Amino acid sequence: MKIGGVPLFPQQADTGAAGVDMVALVVCAICGLLALGVLVAVVYFLIRYRAGSDVNRDNPPEGHLPLELSWVGGAVVLSLVMFIFGARAYYDLRVAPTDSFEIEVVGRQWMWKIRHPSGRREINTLHVPLGTKIKLKMISRDVIHSFYLPEFRTKHDVLPGRYTDLWIEPKKLGRFTLACSEYCGTDHSRMKGEVVVVTPEEYESWQALSPLTSVQRGERLYLKMACDSCHEYQDGQVVSGAPLLDGIYGSTVGLEAGGSTKVDDDYLRRSILRPKAQVVAGFQPIMPTYEGRLSEEELLDLIAYIRSRSGSTVDDGGKK
Amino acid sequence: MSSPPELGMQFSDLRQQKDAYRLGAWVFVASEIMLFAGIFLVYLIGRMTHPEAFTEGSHELNQFLGAVNTAILLTSSFSVAVAVSKAEDKKYRTASWLLLLTAVMGICFLGIKAYEWYEEYERARVPGLNFTYEGEHLPGLLLFFWFYFTSTALHAIHVTIGVLVNLWFAWVCRYRAHWVPDPSPVVLSGIYWHLVDLVWIFLFPFLYLVGGAS
Amino acid sequence: MKDYLYEDVSLKSWLLTTDHKRIGILFLLTITFFFIIGGVAATLMRMELATAPGDLVSADVYNRLFTLHGTVMVWLFLIPSIPATLGNFLLPLMIGAKDLAFPRLNLLSWYVFLFGGLLTLWSIIIGGVDTGWTFYTPYSTTYTNSHVIMMAAGIFIVGFSSIFSGLNFIVTVHSLRAPEMTWTRLPLFVWTLYATSLIMVLATPILSVTLVLIAAERLFGVGIFDPALGGDPLLFQHLFWFYSHPAVYIMILPGMGVISEILPCFARRPIFGYKFIAGSSLAIAVFGFLVWGHHMFAAGQSLYAGLVFSFLSFLVAVPSGIKVFSWTATLYKGSIRFDTPMLYALGFMGLFTIGGLTGLFLATLAVDVHLTDTFFVVAHFHFIMVGGMLMAYLGGLHFWWPKMTGKLYPETLGRISAVLIFLGFNGTFLPQFILGYLGMPRRYYAYPEQFEFLNVISSAGAVLLALGYALPLAYFTWSLIKGRPAGADPWNAAGLEWKVSSPPPHHNFETIPVVEQPYRYPRPGHE
């Protein structure tokens with residue numbers, strides 16, 4: 001449907017989009033009926049009971065308990081219906097499937113930097129293969145942004161200091177909108193780009209044009225920063241009292257300060273930047289802080305490398 | 001000096017006026033509690049984010065003087081409570097002495113507090129004035145001392161107002177007892193002083209004791 | 001005996017007045033001034049958005065315009081609009097009191113408001129703020145170089161005005177009711193003012209704390225919100241919405257109260273479901289404190305928090321539904337007249353219903369993910385704030401203008417303005433629902449070509465809307481000089497405020513008025 005050449009409904013480019021539109025239609029139908037009911041009743045009363053009309057006005061009711069209770073009950077029931085529809089679809093929208101593959105997004109004023117698993121980078125354009133479950137792992141270098149894909153019916157804020165994620169499964173070839181929807185300063189309205197959905201084969205060959213994967217870059221960085229001087233075995237002994245990284249990702253470790261934590265991306269990030277905040281039980285807080293010494297991209301590389309040492313290629317939140 | 005409390009034109013009798021004032025005081029207290037609750041909430045979150053810095057910060061405070069101040073305020077709360085009950089029994093002379101005692105304790109509190117601030121100033125711990133720190137807990141410690149100065153200053157302002165109010169009513173009860181045909185204004189100042197005390201009861205452990213014994 | 005307007009006409013007597021009626025008028029003048037400023041900003045924004053590219057103003061100016069518009073309209077117009085003007089003027093009259101419980105505090109509230117408002121304006125004059133009225137961190141604390149602290153200080157001060165008024169209203173309702181004015185005889189407008197006051201007193205302090213924290217982070221670099229300093233930007237959003245969502249109810253509840261006064265008067269019958277309407281106001285005030293997280297479904301809060309907040313958000317819609325149904329039933333077996341206030345009230349019912357129901361789209365989790373931060377949200381809250389609160393405010397102003405000034409305004413022009421505003425409003429904001437679903441993000445000063453057509457319609461609607469607002473401004477002013485005398489009760493209305501002369505005498509009531517059941521229509525002996 002179009003008015004003046006303008007579509008009234010956005011395209012559905014994601015397998016989940018139809019589901020979201022379905023929920024919107026359910027809500028629209030319920031609300032439409034309610035609005036129509038009120039409108040018809042009001043107009044009817046206004047005409048019938050206009051001043052001077054010859055109608056029976058005896059004993060106008062000042063209340064009617066069964067009626068009032070029934071519309072309280074009715075409203076609660078309708079609300080629950082809408083809630084359940086919305087919550088179900090939201091769960092599917094938010095919880096990424098474990099078999100999705102991961103693309104990294106770094107937002108900054110005012111552009112989107114994107115990196116694919118092969119290491120290929122692009123700015124303000126996101127190439128994705130058709131029919132594949134893709135998880136976008138996102139972080140911001142400065143203020144809050146929001147990664148918004150209207151044709152995919154999804155968005156999520158991109159926060160500084162913390163990873164958030166979004167997952168999609170493109171079902172249509174073509175070019176679609178990418179926009180920042182959280183106000184982020186002067187050129188907020190120019191912080192946009194496009195999603196290019198291509199066939200998996202095209203995507204593979206496109207991706208192949210890449211110098212290094214993030215795991216490879218992470219390994220180089222790992223050696224360059226001399227992380228291995230503490231976090232490695234030498235003759236079967238841990239060198240200087242730092243936890244071994246093999247297999248640590250996804251496990252639960254006890255903390256020196258008490259309690260325990262799951263080793264996920266955010267924990268690794270914090271432990272690199274501010275190592276003393278959450279020291280693994282049995283170790284001394286001797287690691288220097290790397291705050292300000294690594295860019296967000298380098299952090300992502302390092303984390304990818306550490307993950308690879310536990311045989312994990314995606315951020316599955318430690319669910320193994 | 002202002003005129004004696006009399007019946008406002010908006011009230012039909014003294015009882016109504018008294019009820020209105022008392023309710024007003026409680027609504028005010030409720031609003032104040034939300035204010036301090038907000039500060040405490042953010043403080044707790046800050047502490048969860050920077051546990052070590054907050055522990056270090058609280059170790060730098062003078063726990064002994066903090067404890068003395070707590071004792072002073074608790075005692076003053078007791079004296080103001082007795083003052084209110086004496087005023088309700090129309091024993092204005094005793095009430096006056098007790099209010100004066102409360103005010104003096106409030107002044108002692110402020111004096112000790114000021115000395116503590118001076119200590120922290122000497123150690124360069126006042127954000128925006130002379131905060132310098134080179135250690136590893138920088139943002140957290142700065143946050144701790146910002147909370148410390150903001151909340152204790154806000155509290156000190158409340159104490160100062162309370163002291164002035166108590167002095168005023170001490171004077172009224174002593175020399176102008178006929179201005180208080182019923183003790184409701186004294187009750188109001190009592191409610192206020194308890195609020196001041198209550199806030200400190202939260203502030204003291206939050207700020208001074210989080211780190212455990214030093 | 002002289003009325004409150006002519007008791008003493010010196011400027012000094014106005015500036016030092018403790019008469020709630022005069023303070024109401026002072027607030028009326030002040031917020032009209034701020035409304036015009038906010039309106040000019042809105043006009044400039046709609047002009048910029050009439051074409052797709054950013055061509056009229058620069059991006060930075062546009063960002064300052066929407067911040068100005070939001071801040072001024074929310075804190076300097078909507079929040080004080082009905083409570084501080086109509087509420088101030090009418091609350092004592094309606095409950096049979098001579099004034100509010102604390103008249104001097106009431107005057108202080110106006111001065112504090114004026115001072116805070118002017119400080120806010122000053123922050124705009126010296127260069128403005130570009131964070132949006134929401135001040136999201138870390139943009140507001142670390143990245144912007146605009147005058148955030150000054151504006152935050154202005155709003156911080158205005159907050160005290162809110163607390164003072166709320167405290168005053170709560171105590172007045174409890175303590176100063178005329179002897180026979182029981183809780184179940186209170187006009188529904190008073191009930192809504194009471195519920196509003198509870199929110200003002202309990203939620204505003206949290207805003208104060210939040211604003212102080214922003215200033216502290218800018219000034220001293222304490223790390224509470226900025227992750228670069230170890231803080232959490234989401235904490236700011238939680239604190240901000242803990243105040244600002246209940247604040248939405250500060251902005252709509254009194255409007256619901258006004259409608260509950262107007263409808264029975266022009267339907268000439270008692271209101272339907274008095275107890276449910278009164279109770280639903282309190283329910284909204286209480287539930288309003290529990291739904292702030294629905295602003296953050298796509299912001300990074302946990303899945304389960306999202307589920308809980310969505311569920312509670314649906315529940316908070318139920319009391320609003322009760323009111324709409326009860327108002328509809330109030331028309332049944334009435335004898336309906338279509339005077340200006342009634343037209344505004346009917347407009348309110350239509351627009352508020354749409355605003356409320358579109359709110360359900362946003363409470364629905366999956367749909368909100370798509371719609372949040374788009375024009376759909378902009379349209380939704382304008383339907384509530386402007387279609388709801390502003391329509392109710394104007395309806396109330398038309399209803400009580402004869403009481404406040406003793407003068408009648410030209411009825412035909414009044415009806416034209418009501419229709420004009422209704423049409424202009426729909427023209428402006430209905431297209432924005434579609435724009436939002438199509439995916440046009442808010443706070444965009446330039447946008448893709450495909451959205452231009454709907455934006456042009458929206459801007460055209462805004463022209464009508466502006467005309468609609470200019471009209472009452474003109475004829476209200478005219479009526480002060482040339483308007484016919486209104487008499488004590490031009491609408492033949494129930495309620496104590498109509499029992500005193502217009503304008504009311506200085507101390508409202510000479511003797512304690514006789515209180516009857518509320519909304520005794522049709523009026524015995526008159527019809």
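Chain A is divided into domain 1 (7-46 + 66-94), domain 2 (101-208) and domain 3 (218-308), with bounds that come from an automatic or database domain assignment. The model is predicted: local features need pLDDT of at least 70 and side-chain atom pairs count only at pLDDT 80 or more, while totals for chains, interfaces and linings use all residues. Residues are numbered from 1 along each chain as its sequence is written, and chains are lettered from A in the order in which they are written.

**Domains 1 and 2 of chain A**
- The centres of these two domains, taken over C-alpha atoms, are separated by 30 Å.
- In domain 1 of chain A, 10 residues are in contact with 12 residues of domain 2 of chain A (contact: C-beta atoms, placed from the backbone, within 7 Å).

**Contact between chains A and C**
- Chain A contributes 68 residues to this contact and chain C contributes 69 residues.
- On the side of chain A, H2(A) gives the largest share, 15 residues (helices are DSSP runs of H or I, at least four residues, and strands are runs of E, at least two, numbered from the N terminus).

**An open sheet in chain A**
- The sheet has 5 strands in the order S5-S4-S3-S7-S10, with mixed pairing (two strands pair if DSSP finds at least two bridges between them).
- Strand S5 (121-123) and strand S10 (164-168) of chain A each have a single partner strand, so one side of each is left without a neighbour in the sheet.
- Strand S7 (residues 134-140) of chain A runs antiparallel to S10(A), joined to S10(A) by 5 bridges.
- A:Leu136 has A:Leu166 of S10(A) opposite.

Definitions and conventions
Two residues are in contact if their C-beta atoms, placed from the backbone, lie within 7 Å.
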